[in-house]
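Please keep the sequence and coordinates at hand while reading.

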Amino acid sequence: MNSKAWRNDAYAKVTGKTKYTDDVKFPFMLHAVPVYSDFVHAKIINIDISEAEKSEGVVKVITAKDVPGVNRWGQIIKDFRIFAEDKIYYNGDVVAVVVAETKELALKASALIKVNAEVLPPVLDPEEAIKPDSLIIHESHGTNIINHHKVRKGNVEEGFKTSDVIIEKVFQTQFVEHAYMEPESAVCNPRADGVIEIYAGMQHPFSTRRFTSALLGVPLAEIEVLGVSVGGGFGGKDDTIAIVCSRTALAAKLTGRPVKMSYTREWSIRESYKRHPYKVFYKMGLSKDGIIKAVDTKIIADGGAYCSVTPWVTWRSTVQCCGPYVVENVNCNTYGVYTNNIVTGAMRGFGSPQMNFVIESMVEIAAEKLGIPSIEFRRKNMVRQGSTTITGQKLDNHKVAMEEVLDVMLKESDYFEKFKKCKSNISEDEVYGIGLAMSYRGMSLGAEGSDFCAAIINVQADGSILLETGIHENGQGSESAMCLILARELGVNLERIRYKRPSTSNIPDSGTTVASRGTVMGGGATVNAVKELKKKIFEFASSKFNCTPEEIEIKKDKVFSKNKSLSFEEVIKEMYDERIYPFAFGVFKAPKVTWDEETGQGIAYFSFTYGCQIVELTVSKKTGKVKLLKAFAAHDAGKVANESMTLGQFYGGMAMGTGYALHEELKIKEGKIRSLNFNSYRIPRATDMPEMKAVLVQNPDPNSPSGAKGIGEPTNELMAPAIANAIYNATGERFYKLPMKINVKKVIEVLQ
Amino acid sequence: MKLMINNKSYTVPDSFKEKRLTEYLRDELDLTGAKNACEMNACGACAVLLNNEVIKICHVLVKDAEGKKITTIEGMAKPDGTLHPLQQAFVDAGAIQCGFCTPGMVLTAHALLLKNSKPTREQIRKALQGNLCRCTGYQQIIDAVEMASEHYRKN
């Protein structure tokens, strides 16, 4: 056990005092519910709300006809129908919202809404959707291909020609639900000054404001999104909650009363976007001495009914399509494809968990085929200091810690000794296996987006400090990390700092709390704001101490020069007395990145982080049950701001990765989701997880003002391949599809 | 009809008798520590103690709780706000992330420790298997329960 953990919100959370959105109440508040149709793909003829409107307690039934602004919106392609209008594009499309005095009455009325529509054939297979003769889902888009990303490096034909061995495999992954414990909920309050206040747990308040301002047809300044505690996000509280908020805001605007719309789990799973299922065709050419000569890969991602952030997710898959390995000749074609399936979008890992499953399986297949130990094979090909990535980026502006994390893991797990035990019986019917996987990951958004963040430090007249950044607390502990970084950088005690929940009406648009960018970007902005604040304080104190600003320091709540010292409070009070605000605004703009969409070359990310995970497990020859015995993880987290919360990211990421590997899969039949709650969608329980050992490797990143690297996602992207490799080493059965379901007969056959 | 909640007696309005206990606690008493997350007995976010037994109350009717001693997360700390040692252990072990599952987790762990003040980590896992958490991977939650068990042994 490490030293005691610290979180600014721990007391409120452990006493049940924390208010999440569904806990928020306003006087005279109305309740809204969404209404779905039975269709998967259909042309709408009419939506009959006449009976529902007459139902008891109903104040308003809203359909697309009531939208004063723009009904079609999205972060990349504006194709989301906030209210269904022309067609039903998937089974989670909302045809109407019923607003009533109570949720019960709203539900009663919602059952009275009838949708008349002409059924269209659903397009459910992305490989079919991609064919030129397929039915086009979004006619205005002209094709079902949302995006096509490429990497063109070297000469792939030459690479294969000079290869001694060529391996070709096809991999498939599944739809995965985020399963944040808190379902979507929004409370909107129409203020007397005309502003609509939005209270909702989310990751991207600035995007939510854009969705809402578009739908309502009002300026951004007339929408204020306020922070509420978030019951988990994992990438899933971006587009869908933005849409839920915009509908609720419209309900508040049209009725003039506060409105709450709290989703049931079933609505949440039915409507909210998921992790993309991938089909990956992977061809690898190798020299007999173990060098990867060429990679040719085609990646097809099911984007579902709307674009969401599919082009961004699949871009990361493209950039990282060869994992942490140097490959001279690469040809990669990645397609995001429209179907009538559930929408897919951002989820922890963001296009990497799928690809790492492929790559780290391929690496082991290749090593075995060449008769080279897989660790040695990895060492021959992995990125090192000064290596050039497949997109032509030289890794020379940070410490390339690939081998470091690998070595840490091998030692920590005693890998080589344990590897000898593979396939041996642990009990009468259980065989043992150990498996490893590693990755590198581009930090923050990279060339997929505009990457900057703001922080405001507002020191009060008594010396207490308010810190606000554009980063949102999702549960990961970002507020605490920012407070700790501020205390460390300014030289003051943590007790005097309060985190002010960001409001979109106060702090400039800082993007979204995704891409493991919270601590990197928010921490960076905080560090830069501290610099601004110090300038003011130093200048002031130097006039008092009769010295230069350079001679002033702040440590342990004391402002001092060589021979004079005042308490932090005294200096602040004097600044106020002389009408100098100890107020600072800091911005961190991510270093420049570049990208050429045609060649797939460029400085894709301003830095990278490196990780390695190892799993020990047993497989039952009787039941096929996979039991994890122990899991290890080492990641370069850069300079760590909050150790226990960083470890929390490791453990949580590994658990989510375990579910991805072994049992999570959304059951879908003819475009309709069948696993709509936790009885049929099974996320890992305490009994599914082994003891985990996390090792923090800390190489402060020179490109990140606080030295931190992003860690939330790397921890999630390695469990599936580590488990796949462990299962292979235990049983000899290689999986090409997630989740991995052991075929007992096959295992016994292979072992014999 | 009366209910005994966190050692305090409440007179329940007739309109709530046939409703779910979560609704009464959340909507009438503003005791919002018990959460709605699955509303089908599958996740434990609404778990409270009835006579020190963990019960997921999303399907318990108010009238069925009559005569039982109800403990919610709001009743765990001392009236002066001092945390119960188990709550303190959750804080110290870093067992809290989004916090949505935390009330149910704390109460479930409390019920376990009242019965078994020296559980193995495996027994803790078993006791918590009905409570889902998507953030923590359970590791630090189990650390917290183990840490707190000493207090139960002493008392």
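The text below treats the chains, their contact, the nonpolar core and selected local features.

The model is predicted: local features need pLDDT of at least 70, side-chain atom pairs count only at pLDDT 80 or more, and totals for chains, interfaces and linings use all residues. Residues are numbered from 1 along each chain as its sequence is written, while chains are lettered from A and ligands numbered from 1 in the order in which they are written.

**Overall dimensions**

| Chain | Secondary structure | Span of the C-alpha trace along principal axes |
|---|---|---|
| Chain A | 19 helices and 31 strands | about 80 × 80 × 50 Å |
| Chain B | five helices and five strands | about 45 × 30 × 25 Å |

Helices (H or I, at least four residues) and strands (E, at least two) are DSSP runs, numbered from the N terminus. Read from the N terminus on, chain B has the element order β-β-α-β-β-β-α-α-α-α.

The radius of gyration is taken over C-alpha atoms, and the globule rule used for reference is 2.2 Å times the number of residues to the power 0.38. For the 752 residues of chain A, a compact globule would have a radius of gyration near 27 Å, and the value of 27 Å for chain A agrees. For the 155 residues of chain B, the rule gives a value near 15 Å, and chain B agrees with 15 Å.

A residue is buried if 20 or more other C-beta atoms lie within 10 Å of its own, exposed if 12 or fewer, and partly exposed in between, with C-beta atoms placed from the backbone. By this criterion, 62% of the 752 residues of chain A count as buried, and 57% of the 155 residues of chain B do.

Two residues are in contact if their C-beta atoms, placed from the backbone, lie within 7 Å. In chain A, among contacts between residues at least 6 apart in sequence, 80% join residues at least 24 apart. In chain B, residues 24 or more positions apart account for 60% of the contacts with a separation of 6 or more.

**Contact between the chains**

The contact takes 48 residues from chain A and 43 residues from chain B. On the side of chain A that touches chain B, α1 (10–14) and α17 (643–662) each supply at least two residues. The largest share of that side, eight residues, comes from α17(A). Ala, Val, Leu, Ile, Met, Phe, Trp, Tyr, Cys and Pro count as nonpolar, Asp, Glu, Lys and Arg as charged, and the others, Gly among them, as polar. The residues on this side of chain A divide into 21 nonpolar, 17 polar and 10 charged.

**Domains of chain B**

Domain bounds come from an automatic or database domain assignment. For chain B, this assignment gives domain 1 (2–75) and domain 2 (85–154). The centres of these two domains of chain B, taken over C-alpha atoms, are separated by 21 Å. Their contact takes 16 residues from domain 1 of chain B and 12 residues from domain 2 of chain B. On the side of domain 1 that touches domain 2, β3 (47–50) and β4 (53–56) of chain B each supply at least two residues. The largest share of that side, three residues, comes from β3(B).

**Nonpolar core**

A nonpolar core is a set of buried Ala, Val, Leu, Ile, Met, Phe, Trp, Tyr and Cys residues joined through C-beta atoms within 7 Å. Of the 306 residues in the largest nonpolar core, A:Val98, A:Val99, A:Val405, A:Ile457 and A:Ile723 touch the most other members. The element that gives the most to this core is α15(A), with 12 residues. Domain 1 (2–75) and domain 2 (85–154) of chain B both give residues to this core, so the core lies between them.

Not counting residues up to four places away in sequence, A:Val405 touches residues including A:Met438, A:Tyr610, A:Cys612, A:Ala634 and A:Val697.

**Local features of chain A**

In helix α16 (residues 568–577) of chain A, A:Phe568, A:Val571, A:Ile572 and A:Met575 are buried. These residues cover an arc of only 95 degrees around the axis, which puts them on the same side of α16(A); the arc is that of the directions from the helix axis to the C-beta atoms. The buried residues of α16(A) pack against β20 (452–459), α15 (518–545), β23 (553–555), β24 (558–560) and β25 (565–567) of chain A. Following α16(A) is A:Arg579, whose phi is positive, near 55 degrees.

A:Val187 is found in strand β11 (residues 185–190) of chain A. A:Val187 is buried, with 25 other C-beta atoms within 10 Å. The C-alpha atoms of A:Val187 and A:Tyr199, 12 residues apart along the chain, are separated by 5.1 Å.
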